[in-house]
Amino acid sequence: MGFQLIIDVNSGRSFMADQHGISGGNAAKAQTSPWLSPATLSLALSSLGIVYGDIGTSPLYAVRECFHGTHAVSLTEGNIFGVLSLVFWSMTMVICIKYVVFVMRADNRSMGGIFALLALIPSDGRRVSPRLRAGVVVAAILGASLLYGDGVITPAISVLSAIEGLEVATEAARPLVLPLTCGILLLLFLVQHRGTADIGSVFGPIMIVWFFTIAFLGGRAIVERPEILRALNPFNAYEFFAVNRVHGLVVLGSVVLCITGGEALYADMGHFGRNPIRLSWLGLAFPALLLNYFGQGALLLKDPNFAFNPFYGLVPRTLLYPMVFLSTVATIIASQAMISGIFSLTQQAVQLGLCPRVRIVHTSRETEGQIYIPEVNYLMMVACIGLVVVFKKSSGLAGAYGIAVTADMAFTSVLFFFVITKTWGWSLKRAIPLLVLFLIFDLSYFGANLLKVFDGGWVTLTIAAVIAVAMTTWKDGRAELARKMLASRLPVDIFLSDVAGHNPPRVRGTAIFMSVSPVGIPISLLHHYKHNQVLHEKVVLLSIRSTDAPVLQDEEKVKIEDLGQGFYRIVAFYGFAEKPNVPEIMRLASLQGLVTDPATTTYFLSRESLLTGGDSRMMRWRKALFVYLSRNAGAATAYFDVPPDRVVELGLQIQF
């Protein structure tokens, strides 16, 4: 089918503007503007509060997981140097080289993210075979499914690890950690309906304070033990594996926590632009994180007793409570960014035909992408709080976290390979070494985390598997349903000839029949004409398509064809990061000469009753799942913003 998918009004088929949905116009300008221009600097500072919330709070738990807990390595000087060397080279190779230098070059109209990357891969059969294309789409679905797992775990592990700082201050606070964490998460999800516009303006300044604070604390410890800088030598990483062997691979699964959130650099490119993100990463976030990580290593060289929480060990005792507060706020910001990202990812999945319709609430009149999805929000709330209650410690969630991040990064590497070979025209001699380099890191991290499947990794794999099965089932089910409906369609010329021959009565106003495809006559129109024997003065056949671009300009969205006898066909195009809006489509059509009166316009939609006894090639259990998803899909009127008092629904029974 390719990536230009047909939208079915009954299925709801219709980061990616970015995970917060800002148009890419400013981002495109920022990418081409000088590095130190006022616009670039302003966007770079703003990006700190959104792009780096996840990776910026990783120091709370990354080093601790290497030296404390079930899979901890012994706290020797060689192991400290080895772990810090792995941290440095992981962040350098994966974040700086892979994402900042290479992957961020793959922008889709200035947008980034896994769906934007997929959309860059050609869908024509000459360059990409249908079988290969299907495999690439599955890879994108799996990557997106893992992002959902990441979205559930990020708020739980981030907030829990911040509140655990109270245990460093006093043992008496230990019983409060769990209820405080659950309370903060509950409040965080309950206020999502208000949107992020009001609090987004303070994210950047808070994260600036956060990065400068952790940099100062880390630098202070490095000054006392400057020999920790020897860990910059990659030989320390080699020696670490030589000494610890298999156990070293297990610890590598904890080291990977330092690069969680790397996908956000690419996904948020549409919001801020390539240069501002690169500038804020190289100018502040990366140096601050390194200083803190190496500071924790220096602290462990000085006092191994802080292995249970080296991050808070860097904090003077008098500042411990303020630091717990700042850490909690920073983790809330990280969680907010991830939650908003999942909302946008869901919107794109609906638009691309990978998810049933859901209720999408726009929380800002100025910013189109500021959205809230109640169903997703409450499912995430239950899942996050459930994880905290079940695992009780952030250490228990670390294994689950690592699998989601590393697997998603591997899928990004594979999709990027197809972009540079099929779209950019790189030769295999150039592309394969780059892919191998990326996968060496990605698969090493993923393999290391697989060793911790039974310690929490099963959570992510289960979440991703459920979502991937649901997405592929919905996609295949809609394709089968479209095949059935198209097979029974009547050609336009035959229908119009019949209308001309019978000359049925025409009533005042406009009838808009929303159609699954811009081919033939919609079944809803055939049923209406058969039973009522009348037609409106104007009859509009409206089809909506999703394109391989994230957003489209207004002049690109509507194409009108005059079919004769008062019949018109409108084909509306929307980017996969946009939400279709039927009144907007009719407004754009009026600018091209097809003027309709909203007060005398009636919308005809079909509602299918699905029966699983047909000849569809889907397995019976997948048919049952598809029927369940279809019955629970949101109303088409709400999703497409069709005026509910102007809608007529016509029922159809379809066996598939």
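Tutor: Start with handedness. A crossing is left-handed if the near helix is turned anticlockwise from the far one by less than a right angle. In this predicted model, the crossing of α5 and α11 is left-handed.

Student: What makes the contact between α5 and α11?

Tutor: On the α5 side, Asn79, Phe81, Gly82, Val83, Ser85 and Leu86 take part. They meet Asn236, Ala237, Phe240, Phe241 and Asn244 in α11.

Student: How do you know that the span of α17 is close to the expected one?

Tutor: Helix α17, residues 320–351, has 32 residues. At 1.5 Å a residue, 46 Å is expected from first C-alpha to last, and the helix reaches 46 Å.

Student: What makes α17 mostly covered?

Tutor: Buried means under 20% relative accessible area. In α17, 28 of the 32 residues are buried. Gly353 follows the helix, with a positive phi near 80°.

Student: Which residues have the most contacts inside the largest nonpolar core?

Tutor: Tyr52, Met91, Trp210, Phe211, Trp281 and Tyr312, in a core of 183 residues. Its largest share, 16 residues, comes from helix α7. Beyond its sequence neighbours within four places, Phe211 is in contact with residues including Leu48, Tyr52 and Leu284.

Terms used: Residues numbered from 1 in each chain as written. Predicted model: local features only at pLDDT ≥ 70, side-chain atom pairs only at ≥ 80, totals over all residues. Heavy atoms only, no water. Core = buried A, V, L, I, M, F, W, Y, C linked by side-chain atoms within 4.5 Å. Buried < 20%, exposed > 50% of the residue type's maximum accessible area, 1.4 Å probe, protein only. Helix = DSSP H or I, 4+ residues; strand = E, 2+ residues; numbered from the N terminus. Contact = heavy atoms within 4.5 Å. Expected span 1.5 Å × (residues − 1).
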